[in-house]
Structure formats: structure tokens, C-alpha cells
Amino acid sequence: LLLLLEATLLWLGSGFHPPFYNGFYYNRIMNDKGNGQEKVVYFNGDNLVVETPKDPIYSSNGANVTLPCYYHYEREMEGKRKIRIKWSKLRDDYTKEEDVLVAIGKTSMAFGDFRGRAHLRQSGQREASLVVSDVRLRDDGKYRCEVIDGLEDGNNVVDLRLQGVVFPYQPPRGQYRLNFHEAERVCQEQGAILATFNQLFQAWTEGLDWCNAGWLADGTVQYPIRLPRKPCGGLHLAPGIRSYGPRDRHLHRFDAFCFSSTLRGEVFYLDRPDGMTLEEAKQSCQDAGAEIARVGHLYSAWKFQGLDRCDACWLADGSVRYPIAKPRANCGPTEPGVRTFGFPSKGRFGVFCYKER
């Protein structure tokens, strides 16, 4: 053991260290001439500065968005080297990053769900901006722009936020029936995804008040309260987001908070004089070249297209709902919102259909 410790100390004191790995391979030949002669470059570690916007970048489902990123040097360095650029998407808990794009010189590669949708914009000098086309719901979040020049390394973060709407969801079986994975699935079935904490907080600032706890994308269970009351944490607590913290994703069961963004199509209303059953409603939408709308479609149409209809209608999950943008008599509460009649086992209603453009 003593011999091993002594050998380790001698190795550390020798000045030899393996190349630093940060997602790229750093060649010890730094002059790019390939002649085997290593050029020594001195740096102080903070010479390369990466700049990104401090304010969030807003986009919407199906749009194209540019995440600006530029870099400069506090002092110019000698010689030309190939700049390495790496974009990654951060998790809410910062424990792991998702690779988005890597570029060395003029060669770049996108990864995973970003293949075919992400590329660099380098129209200006020392620009490393990321362009994402056909923005999707899961693209919402924080992105790291990292620039590597030899042994110089700088990075900064861009916050991409999708304009959207958060809505609570309970399945037909009733309250608190979903584990985390089931909550993920039911949101996807409704044309949405599980909301993040930032999305729930934004919805709370816009007026969302809901006393049932629901899963969020990070595996925590929370709910937003605007008007404190006894059944919702008590009168003594201030308004805010109530949190149960992380819960077991398999064992614990709650509702879900789903997030949907702007639509790529339109929601429209169909009816018959005597109404329709759920199966007849689905067929009517198909006959119109559309599909029966999902809950996420209805919330998005209400939020972004001002859909206002005081007629209870079928949706794809078997629920009956209607959207009110301008509250009025005989159309429910005095606040705008999507009203629900639950999941009736029988009855005849109109239907909301959805058709992509």
C-alpha cells in the first residue's frame, strides 16, 4: 500500500496528466499542422467568454427558433485552431445533460430527437447560435452553449420557453389514480406532456388555482393555490405552489398537470339536432376529414385562439367539456376557463373536432 501511494505521488508530481475530456477528444498536437510538433499555449482559464441572452427566448409548438450564442476573447491568442462547439439541454435538476449538437470546424452532428431539426447559425464572426426547427413540446427548457478552443473552455445558458397552457387532468376512474408513468402517458394521449415546475409557476401567476395535487415532469407532486382555504393547506398559508416533494414514481398516485402549446391546426364544433353518442361523435369528425379533439387541443384553442362555445361537447377521452373565453349567464362561473361535465356513461352531445392545417 505504501509503495502504491508513493508511486501515485511521484506520478502526480511528474507533471503528466491525461487529456481533459469534456465530450470532445483533445489532440495533444495543437498547431493543426500534423507535423508532430506540439505548440505550447499559455492561458489563464478565463480568456474565452461565451455570451447568451439573459432573458428567456419564447417560441411555440411547430415554430422555428434561434438560441443566440456568441463568444470572444479577453485577449487574442496566437495561432488558428478549430473551434469546438457543443449544445446540450439541461435537466430540471441539472443531474444530466442531453446532447443536442456538436460541431468541429464546419462539421456538425445533431443527436436524438434533434436530428434533422438542429443546426448552427454562424453568419457572424464568432457566432455559435443554435437553430431549432419544428419546435416540439419537449424542447422547452434550458440549453448550454459551450465553446472550446484548444484548452480554453467557456459556456453559458439560454432559457427556451414555449408559450402554452397548463391544465390539470384526472382520468375517468377518478381522483388520484395515476402513478408518474401513467401520468406521463395520459398527458401524451391528450396532445400534451407533463408540465415542468416553471410552467406550473407561470400558470399560477396567470391565475391557475387547483386544490388537487398532480405530478410534474421532474417527479415531484405539487399544486397551485391563489386563494388560501382550509382544504388546500389551510388559511394560514400564503398563496403559492404547495409541494409534496418527490414521490415514488411507481407506488404513489395523484392527478397530473399537463402542458400544451399552440396548435398546428384548428378546433371546430359539430352537432346534430338530437346530439350524438361518443361513437357517433368520433365518426362525425372522421366524416369531416378530422379527428375528435383531445383535451390538450381544447385548452390550446381556448387559450390561443379564443375558442368560446357554451355547448357541452364530447372529447376523445370520453369527457364532455366546453370552453368559455367571455363569461356570461348560463355558461358557468364568472371566470374564463374550460368547463367540464366529467365522463358521462351515456348522453347525447355535440363534438369538438381537430384538423391539422
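Which residues lie nearest the centre of the largest pocket? I looked there before anything else.

**Entry: ground rules**

I am working with a predicted model, where local features need pLDDT of at least 70, side-chain atom pairs count only at pLDDT 80 or more, and totals for chains, interfaces and linings use all residues. Residues are numbered from 1 along each chain as its sequence is written, and side-chain values use heavy atoms, with hydrogens and water left out.

**Entry: the largest pocket**

I found Val166, Gly207, Leu208, Tyr299 and Trp302 nearest its centre, out of 37 lining residues. A pocket here is an open set of points on a 1 Å grid over the protein atoms alone, where a 1.4 Å probe fits, with protein on both sides within 12 Å along at least five of seven lines; lining residues have an atom within 4 Å of a point. The space in this pocket comes to about 1,200 Å³. I note that a volume is the space filled by probe spheres set on the points, which are joined across faces, edges and corners.

Strand β12 gives the largest share, six residues. Helices (H or I, at least four residues) and strands (E, at least two) are DSSP runs, numbered from the N terminus.

I sorted the lining by type: 19 nonpolar, ten polar and eight charged. Nonpolar covers Ala, Val, Leu, Ile, Met, Phe, Trp, Tyr, Cys and Pro; charged covers Asp, Glu, Lys and Arg; the others, Gly among them, are polar.

**Entry: the second largest pocket**

This pocket holds about 830 Å³ of space. I counted 31 lining residues, with Lys89, Arg91, Asp92, Thr196 and Ala217 nearest the centre. The lining divides into 16 charged, ten nonpolar and five polar residues. Among the elements that supply at least two residues each are β5 (84–90), β10 (141–149) and α2 (180–189).

Where does the second largest pocket lie? It lies between domain 1 (48–162) and domain 2 (169–260), because both give residues to its lining. The domain bounds come from an automatic or database domain assignment.

**Entry: salt bridges**

I searched the whole structure and got 22 salt bridges. The rule is a side-chain nitrogen of Lys or Arg within 4 Å of a carboxyl oxygen of Asp or Glu.

I picked out lysine 86 and aspartate 99, whose closest N and O atoms are 3.6 Å apart. Lysine 86 is in strand β5 and aspartate 99 in strand β6 (residues 97–104), 13 residues apart. Lysine 86 counts as buried at 12% relative accessibility, while aspartate 99 is partly exposed at 35%. Buried means under 20% relative accessible area, exposed over 50%, and partly exposed in between (1.4 Å probe, protein chains only).

Arginine 348 pairs with aspartate 274, with 3.8 Å between the closest N and O atoms. Arginine 348 sits in the loop between β22 and β23 (350–356), and aspartate 274 in the loop between β18 (265–270) and α4 (278–287), 74 residues apart. Arginine 348 is partly exposed at 38%.

I also found a network of salt bridges linking Asp113, Arg117, Asp134, Arg136, Asp139 and Arg264.

**Entry: disulfides**

How many disulfides are there? I count five, taking a disulfide as a pair of cysteine sulfur atoms within 2.5 Å.

Cysteine 69 is joined to cysteine 145, S to S 2.0 Å. The torsion about their S-S bond is about -80°, so this disulfide is left-handed. Both cysteine 69 and cysteine 145 are buried.

Cysteine 211 and cysteine 232 have sulfur atoms 1.9 Å apart. Their torsion is about -125°, so this disulfide is left-handed. Cysteine 211 is partly exposed at 22%, but cysteine 232 is buried at 2%.

Cysteine 285 is joined to cysteine 353, S to S 2.0 Å. Cysteine 285 lies in helix α4 and cysteine 353 in strand β23, so the pair ties together parts 68 residues apart in sequence.

I wrote down the pairing in sequence order of the bonded cysteines: 1-2, 3-6, 4-5, 7-10, 8-9. Cysteine 313 is in no disulfide, and the nearest cysteine sulfur, that of cysteine 353, is 8.9 Å away. Cysteine 313 counts as buried, at 0% relative accessibility.
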